[in-house]
Amino acid sequence: MRRIALVTLVVDDYDEAIRFYTEALGFRLVEDTPRPDGSRWVVVQPGEHGTALVLARAKGDAQRSRIGDQTGGRVGFFLHTDDFARDHARMLAAGVTFLEEPRHEPYGSVAVFQDLYGNRWDLLQPAD
């Protein structure tokens, strides 16, 4: 079996990103290991299984310029949930910025939100 296990997300600060993803989005911190070069290997995951994010602190101007716009302003990340109303309310209470009101499409309930750097995400409860 093949699958995408990790996706890198370029961030400005490890601790700030960990707080956002664990507290505001409810992800779990899988790993936070210091590396000899002063960087850290930081992995967060929304559940027990599936794709996780490597939170990689930007190095240099080229990487810093990509923070918050890694997909050219498009929705680049899709957070599936089994209870849209619960997670939407929890995320709002945690200060997550939603860019639209929830909508109900043939494929499910969805609303676009942004992470702390401005990357766009879909919160999505797929239709049955």
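This is a predicted model: local features need pLDDT of at least 70, side-chain atom pairs count only at pLDDT 80 or more; totals for chains, interfaces and linings use all residues.

Guide: The protein chain carries 15 positive and 20 negative side chains, and 7 Å separates the centres of the two sets.

Visitor: Which pattern does the protein chain follow along the sequence?

Guide: The order is β-α-β-β-β-α-β-α-β-β-β-β, made up of three helices and nine strands.

Visitor: What radius of gyration does the protein chain have, and what would a compact globule have?

Guide: For 128 residues, a compact globule would have a radius near 14 Å; the protein chain has 15 Å, which agrees. Of these 128 residues, 35% count as buried. Among contacts with a separation of 6 or more, 52% join residues 24 or more positions apart.

Visitor: Let us turn to one helix. Which residues of helix H3 are buried?

Guide: The general idea comes first. An α-helix has 3.6 residues a turn, so residues three or four places apart point the same way. In H3, residues 84-93, the buried residues are Phe84, Asp87, His88 and Met91. Viewed down the axis of H3, these buried residues fall within an arc of 100°, so they line one face of the helix.

Visitor: What do the buried residues of H3 pack against, and which exposed residues does the face turned away carry?

Guide: The buried residues pack against helix H1 (14-24) and strands E6 (97-98), E8 (108-114) and E9 (120-126). The face turned away from the buried side carries the exposed residues Ala85 and Ala93.

Visitor: Which glycine follows H3?

Guide: Glycine 95 follows H3, and its phi is positive, near 90°.

How values were computed:
Residues are numbered from 1 along each chain as its sequence is written. Side-chain values use heavy atoms; hydrogens and water are left out. Helices (H or I, at least four residues) and strands (E, at least two) are DSSP runs, numbered from the N terminus. The radius of gyration is taken over C-alpha atoms; the globule rule is 2.2 Å times the number of residues to the power 0.38. Buried means under 20% relative accessible area, exposed over 50%, partly exposed in between (1.4 Å probe, protein chains only). Contact means heavy atoms within 4.5 Å. Lys and Arg count as positive and Asp and Glu as negative; His and the chain ends are not counted. The place of a charge is taken as NZ of Lys, CZ of Arg, CG of Asp or CD of Glu. The arc is that of the directions from the helix axis to the C-beta atoms.
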